Amino acid sequence: MAGPPRQADDVSTGPQGGPTGLSPGIAPDVDGRPIHVVTLTDGGQRPAEVARGIAAFLARAERTLDIAVYDVRFETDAGALVLAALLAAVQRGVSIRLLYNVAHPGPIPVPPPPETAPEAIEALPVQTRGIAGVPDLMHHKFAVRDGEAVWTGSTNWTDDSWTRQENVIATVEAAPVAYAYTLAFDQLWESGVVERSGDVEPRPREVDGARVRAWFCPEYGEELSHRIAKHVGKAKERVRIASPVLTSGPILGTLVEVVRERRCDLAGVVDDTQVDQVFHQWKTNGVSEWKIPLLRGVIEGAPWSGKASTPWTPASVHDFMHAKLVVADDTSFLGSFNLSRSGERNAENVLEIRDRAVADRLARYVDEVRARYPRATPPG
């Protein structure tokens, strides 16, 4: 099981240096750097700290806010801080559009269903649209401010996401990157259908010396898996991975090669509870049973830690290992995308950032999370 919650160390960084010492509650972009990363741990921060950071990002909006969040709750004290920022933006005349996922169809967990109360969202004085997650999910967690800045990562807007889960938040202040996110948002807003979204070419952009690409699924889902697999396969120094599950065929196949050939320093962390559920699903459905020896070989052949999260119920604490992160040498991939086949089909987004400082910080974060939990154990 997970160890006792502890306070997180320095958690924010940027492309020009190491940890800044900023609290998660400080707006991620107030120091003026265009790329900023914040990491969250189980018990490492209070919900109000993270909520204030989100609210500060929203508070700088002057014209528009486009928000797409899989799971959002404004009913808590911390959630009320974000809601207040949205209502203040409305009073300033900011045009706000909010997308959220509805109608999760299937059994539980990978990923766990949202807590979002559609009636509460629809009561807001902003434009809203629920996207039916049938069969694929609107799994984004991002906001675009004035077409100039993006808030994104793996973090839903709930208290458990802010306090009991491992998560990553990134902000990028760069109009070309924000424009890509706006295009992806508009596709979902106009069609209301997951499978008609994500058709945004992942062009490289230079942002303060870093090379950044924005990837969107489902249109580029398979290409994204192959892109991540390519970087993992050619890494010479290190690979660090945090993902609730590992079920994407291209990534899983490449990890097997890296493990067997000992190409580089490979280590990671998964959600042990959800991995066990994946094994059970594969054994019972027969379709993906061929992946079982691959995943077992990857987990047993490299130092993987596993968080024994609480099995999902509507009333349980939602303490999943929720970060979705790959570091391969100097390149990082972070966002809403689980390393899974279903992730390729959902509405997802990922930032690919080629920058040594960002990669160093995120690799350290994976190692910090790994140290909190025991070795991952595939079921017998």
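I take buried to mean under 20% relative accessible area, and I apply that cut-off to a predicted model.

**Entry 1, two tryptophans.** With that cut-off in hand I looked up Trp151 and Trp157, and I note that both are buried. Their rings form an edge-to-face aromatic pair, with the centres 5.7 Å apart and 80 degrees between the planes.

I then searched the whole structure for aromatic pairs and found seven. Among them I noted Phe142 with Phe185, an edge-to-face pair at 6.4 Å centre to centre and with 75 degrees between the planes. This pair links distant parts of the chain, since Phe142 lies in strand β6 (residues 141-145) and Phe185 in helix α5 (residues 175-191), 43 residues apart. I record Phe142 as buried because its relative accessible area is 1%, and for Phe185, also buried, I have a value of 0%. Both rings belong to one aromatic cluster, which I list as Phe142, Tyr181, Phe185, Trp189 and Phe216.

Next I turned to helix α7 (residues 249-261) and helix α9 (residues 292-301), whose axes come within 9 Å and cross at roughly 40 degrees. On the α7 side I find Leu252, Leu255, Val256 and Val259, which meet Leu294, Leu295, Gly297, Val298 and Gly301 of α9. Sorting the residues of this contact by class, I get seven nonpolar, two polar and no charged.

Key. Residues are numbered from 1 along each chain as its sequence is written. This is a predicted model: local features need pLDDT of at least 70, side-chain atom pairs count only at pLDDT 80 or more; totals for chains, interfaces and linings use all residues. Side-chain values use heavy atoms; hydrogens and water are left out. Axes are lines fitted to C-alpha atoms, for helices over the stretch in contact, and angles run from 0 to 180 degrees between N-to-C directions. Helices (H or I, at least four residues) and strands (E, at least two) are DSSP runs, numbered from the N terminus. Contact means heavy atoms within 4.5 Å. Ala, Val, Leu, Ile, Met, Phe, Trp, Tyr, Cys and Pro count as nonpolar, Asp, Glu, Lys and Arg as charged, and the others, Gly among them, as polar. Rings of Phe, Tyr and Trp (its six-membered ring) pair if their centres lie within 6.5 Å; planes under 30 degrees apart count as stacked, over 60 as edge-to-face and the rest as tilted. Buried means under 20% relative accessible area, exposed over 50%, partly exposed in between (1.4 Å probe, protein chains only).
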